[in-house]
Amino acid sequence: MKRRIFVAVGISEKLQSQISAWQKNWQQLKVRWVKKENLHITLIQPWYTNNISEIEGNLKLSKNLVEPFSLTFQQITFGPSANRPGLIWAEGEKSLGLELLKNKLEKILQQKGEKRDYTLHMTLARFNPKDFSNFPIRTLNEKVNWEEKIDRFFLMESHLKKSGATYDRIAEIPL
């Protein structure tokens, strides 16, 4: 049976708590909030495979790909586009460490990257774009200063449900 997997960077409990506190201030929005234990930064988009153990082995052999690095999230906006939003996400400044890790992982896993430039973002909530016209606000550009030290990444499995996706960590790989 094929499983839906992806590669992501997890976030600390401290940042999870900061995000949960921010979400509580916006509970009036009719969105599906990402639970704090499911918050992550996707590096390699999900794909289906039967070869979990081979992929896990390749990733574990490739530890120490880059030096640990820091990320900074600066604002919370509607995404992925202003004219058809379906997410609330935190955006951050460009990170050479993150881009280098992403590029190396794509080569190791033989996964093609997206054609558009990678933007540091973390999904905080999802909603149906059709519901946006009923939102009490039309723009969201809230400044934040959330910092995160990255010293590992994860092979993860995604389980799609009507109530929203849930994720399991299959393997943890140190940088």
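**Close-up views of a predicted model**

**View 1. An open sheet of 4 strands, in the order β3-β1-β8-β9, is paired in antiparallel fashion.** The structure shown is a predicted model. The edge positions are held by β3 (40-49) and β9 (166-174), each of which has a single partner strand, so one side of each has no neighbour in the sheet. From one strand to the next, the twist averages 25 degrees.

**View 2. Strands β1 (residues 3-10) and β8 (residues 152-159) form an antiparallel pair over 4 bridges.** Within this pairing, isoleucine 5 is placed opposite glutamate 157 of β8. Helix α2 (residues 52-61) packs on the sheet and touches β1, β3, β8 and β9. The direction of α2 makes about 40 degrees with that of β9. Helix α3 also packs on the sheet, where α3 touches β1, β3 and β8; the direction of α3 makes about 10 degrees with that of β3.

**View 3. The largest nonpolar core contains 50 residues.** Those with the most contacts inside this core are Val7, Leu43, Ile88, Leu124, Trp146 and Phe153. Strand β4 supplies the largest share of the core, 5 residues. A second, separate core of 5 residues includes Phe6, Ala8, Phe154 and Met156.

**View 4. Glycine 79 and proline 80 are joined by a cis peptide bond.** The omega angle of this bond is about -5 degrees. Proline 80 belongs to the loop between β4 (69-79) and β5 (87-92).

**View 5. Glutamine 110 has a positive phi, near 55 degrees, although the residue is not glycine.** Glutamine 110 lies in the loop that runs between α3 (96-109) and β6 (121-126). With a relative accessible area of 71%, glutamine 110 is exposed.

Terms used:
Residues numbered from 1 in each chain as written. Predicted model: local features only at pLDDT ≥ 70, side-chain atom pairs only at ≥ 80, totals over all residues. Heavy atoms only, no water. Helix = DSSP H or I, 4+ residues; strand = E, 2+ residues; numbered from the N terminus. Buried < 20%, exposed > 50% of the residue type's maximum accessible area, 1.4 Å probe, protein only. Core = buried A, V, L, I, M, F, W, Y, C linked by side-chain atoms within 4.5 Å. Pairing = 2+ DSSP bridges. Axes fitted to C-alpha atoms, helices over the stretch in contact; angles between N-to-C directions. Contact = heavy atoms within 4.5 Å.
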